[in-house]
Every structure is written in C-alpha cells, then in structure tokens.
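Open the structure in your viewer and keep the sequence panel beside it.

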Amino acid sequence: MNHKQNSVILPKVRHVVIDWDQLELHPRITAAVKKANLKSAKEVLSVSGPDLQRLTALSRSDVQQLQAAAAATSRRNPPVPALLLYCGQSPRLSLACPVLDGLLRGGLPLGGVTELAGQSGAGKSQLALQLCLSVQYPLQHGGLDSGAVYICTEDTFPIRRLQQLISQQVNLRADLPQSLINSIKFTDNIYIEHTADLGALQACVTQRVPLLLARGVARLLVVDSVAALFRSEFQADDWLERTQHLRAFAGALHRLSHDYATAILCINQVTDVIDGSGSAHNSLGLVNAKVLPALGIAWANQVMVRLMMQRLQGTVAMGNQSSAPRRLEVVFAPHLPRAERICGVWREGVRGITHMMDT
C-alpha cells in the first residue's frame, strides 16, 4: 500500500491543543482524530472535508460533525443575527402601547429607516405624533430622553391633535407616575420643519437636522410624507433623475440614523395595484394587496423596516369611545417575522386591541 498517495500536508500554524475527549463526539470520531495526530481546531478547520476523510478514514457525516465541533471550540461568543451584531444591543423607541411594542419586539430600531405606509386616514400621522411624545420619556420607560424633528412636506403640522395627545398622556401612560408626565415639556422638544421642494428637504436633512442631533436635543426624525415632493416634482419620464435624488435623500437618512443613533420614521403614501401586477407587488413583500407603498422598488431597497397601516371596516369600542379598527402590519424587516396587530385611534392615541367587539 502506497501511503504517500493518501498523505496530506498540514499547514504549519500556531494552535491550542484540544482535549478531544471533552467534546461531544462519537468515540469512533475521537479515536480517528487522535490517530491522525490532529491536535487543534485550527488544524481541523484548515483542511478540506475530503482531505479530512482521507486523513481519518471517517465518513462524510462524521467529518461534518468533527468540523462543527471544532468550529464551536473556536467561537468565543454564540452566533448573533447580523442586524444585532451591526447595531449592538441598542434601545428601541417604544410606541407607548404594549400590544404594538410586542409586534415590533420593543419598538422602532435606532439603525436604518422605518417606513410607515398607508392610505389617507389610516392613522399614520397619529402614530408619528405619539412617537414624538414617547421619545421624550427616560430610557427605562421606553423613550430616548430626547426630542423629535418633524418634517412636513405636504400638510401643516397637526398642532391641535398634538396638544390633545399631550393632555391625554396620563391616560395613555397610566403605568407611569403622573409627576413624571407633568415634568416633561413636550412641546418644547419637538422641532417642526416645513419643506416646499426637494432642495429644501435635502438641505434640511443634511444641514439643519444634523445640528440638532449632534447637540443631543433630538433622537427621532419623522418625514411626513416622503412621497409628496418626489411625486410632484418629477414626471414619469424623469424616473432616472428621481431615483438619483431618492437615493441621495435615503443616504442622508441612513447617515443620520447610524451617526447619531437616531430612529428614522418615513410616512409614505400608497398607489393602487393594477390588475396583473402580482409579481411586482410580491417582490415588495405584499401578497394580495390592493395598494402598494409609493416610489416603487427604488425606495423599497432603501428601507430596513416596512410597516403598513390600513383602516378596516366596522367600529370598535373602548370604554365610552369608538374607533374604526386599523391593522398595523410588518411587511418586511431583518429582525421581525411577518405579523400584524389590530389597533384603534382614540383620544389618548393609538392603542392595540386584544379583543375586537364590533358596535
């Protein structure tokens, strides 16, 4: 028998000797590894699977078990999802509702862009205003102990509704001491911008907003809405120029989010689905949808979390209040499963509904 044909030259590397008997391996595998004089995980992982089979005379499945065990000894920490590895264990911005926070596993992430799309009257701006108040609470109560920047691109800022939400905070946040709620000057910590064109919008997110974030006075940015200016300033034939401006705008948002650990919420309009475009809207994460978020795939590729809010038929009651039910749905996110919750818009804000009762 010619042993030279089966010989494999191991790389000369520094290694830590492993006691193979301490690993959860079949005795047959352990004996073969010792016989082949493999003393470290690095030696095992530096050799291909077929070479390991020739060295140890083990089967392919045995070699795979050996490689898995060797890899486990080399890994200092357990595996972590890529998003958590990139963002770290950073806090989330609570939606001020346990039901909705449960849907998002704690609230809005601080890395990347979150989109909230839906038809007019679905409750998108209501939820955005609620977040502008939630962000001002201390970290231990789901906030970020900071303020918010609210950019309006189409309608005037809903100041009356904001004042109503502020007056109802004791009801929405009944779990918190009233003294804490009364101590926060909510209106002083919301910075409102109105932009009439794309130039003003880009200047806002690249010049004025970074100053506020750098000073630490804001850690939430709301754009309401992202589609309005891009739809009004470009014709159908200008799709290439629109895409370039859209990517520049999205790039600025991503930089703000990652440089200042800021939650970014972009409210988006929707467009009707044309019959026969099923494959197109499936690629955006929506199945059997009658509407799609505006701005197409160019914008969808810039979004980390896509949420959809829809107003449903009927009426639900809570105490002496009634509301049309809404569906808040996670369309796609790297850290969330596809799921949804039913909620309503009440005097105190947007709250999830655990038991629906039509009225």
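**Stop 1: the largest pocket.** Start with the residues that line the largest pocket: seven are nonpolar, eleven polar and five charged. This is a predicted model, and the pocket in it has a volume of about 420 Å³. Now select Lys124, Ser125, Glu154, Asp155 and Asp224, which are the closest to the pocket's centre among its 23 lining residues. Which element gives the most to this lining? Colour helix α7, residues 124–134, to see it: with four residues, α7 gives the most. Strands β2 (147–152) and β5 (263–268) each supply at least two lining residues as well.

Stop 2: The bond that joins Asp224 to Ser225 is a cis peptide bond, with omega at about 5°. Most peptide bonds are trans. Ser225 itself sits in the loop that runs between β4 and α12 (227–233).

**Stop 3: the sheet.** Select strand β4, residues 218–224, together with β5. The two strands pair in the parallel sense, over five bridges. Within this pair, find Leu221, which stands opposite Ile264 in β5. Next, show the whole sheet: nine strands, in the order β3-β2-β4-β5-β1-β8-β11-β12-β13. The sheet is open and its pairing is mixed. Which strands are at the edges? They are β3 (190–194) and β13 (349–352), and each of them pairs on one side only. On average, neighbouring strands in this sheet are turned by 25° against each other, direction ignored.

**Stop 4: the cysteines.** A disulfide is a covalent bond between the sulfur atoms of two cysteines. How many disulfides does a search of the whole structure find? The count is zero. Select Cys132 and Cys152 to check one case: the closest cysteine sulfur to that of Cys132 is in Cys152, and because the distance is 9.4 Å, the two are too far apart for a bond. A disulfide would need the sulfur atoms within 2.5 Å. Is Cys132 buried or exposed? Its relative accessibility is 0%, so Cys132 counts as buried. Cys204 is also at 0% relative accessible area and is buried.

**Stop 5: the largest cavity.** The structure holds one cavity of 30 Å³ or more, and the volume of the largest is about 30 Å³. Select its lining: Leu104, Gly107, Leu108, Pro109, Thr114, Val305, Leu307, His335 and Leu336. By class, six of these residues are nonpolar and three polar, with no charged residues.

**Stop 6: two positive phi angles.** Most residues other than glycine have a negative phi. Select Arg105, which is not a glycine but has a positive phi of about 55°. Arg105 is in the loop between α6 (98–103) and β1 (113–118), and its relative accessible area of 54% makes it exposed. Then go to Ala57, where phi is positive too, near 60°. Ala57 is placed in the loop between α3 (49–56) and α4 (60–74). At 70% relative accessibility, Ala57 counts as exposed.

Stop 7: Finish at Ala36, in the loop between α1 (27–35) and α2 (41–45). Ala36 counts as buried, because its relative accessibility is 17% and the cut-off for buried is under 20%.

How values were computed
Residues are numbered from 1 along each chain as its sequence is written. This is a predicted model: local features need pLDDT of at least 70, side-chain atom pairs count only at pLDDT 80 or more; totals for chains, interfaces and linings use all residues. Side-chain values use heavy atoms; hydrogens and water are left out. On a 1 Å grid over the protein atoms alone, a cavity is a set of points where a 1.4 Å probe fits but cannot get out, and a pocket is an open set with protein on both sides within 12 Å along at least five of seven lines; lining residues have an atom within 4 Å of a point. Grid points are joined across faces, edges and corners, and a volume is the space filled by probe spheres set on the points. Ala, Val, Leu, Ile, Met, Phe, Trp, Tyr, Cys and Pro count as nonpolar, Asp, Glu, Lys and Arg as charged, and the others, Gly among them, as polar. Buried means under 20% relative accessible area, exposed over 50%, partly exposed in between (1.4 Å probe, protein chains only). Two strands pair if DSSP finds at least two bridges between them. Axes are lines fitted to C-alpha atoms, for helices over the stretch in contact, and angles run from 0 to 180 degrees between N-to-C directions.
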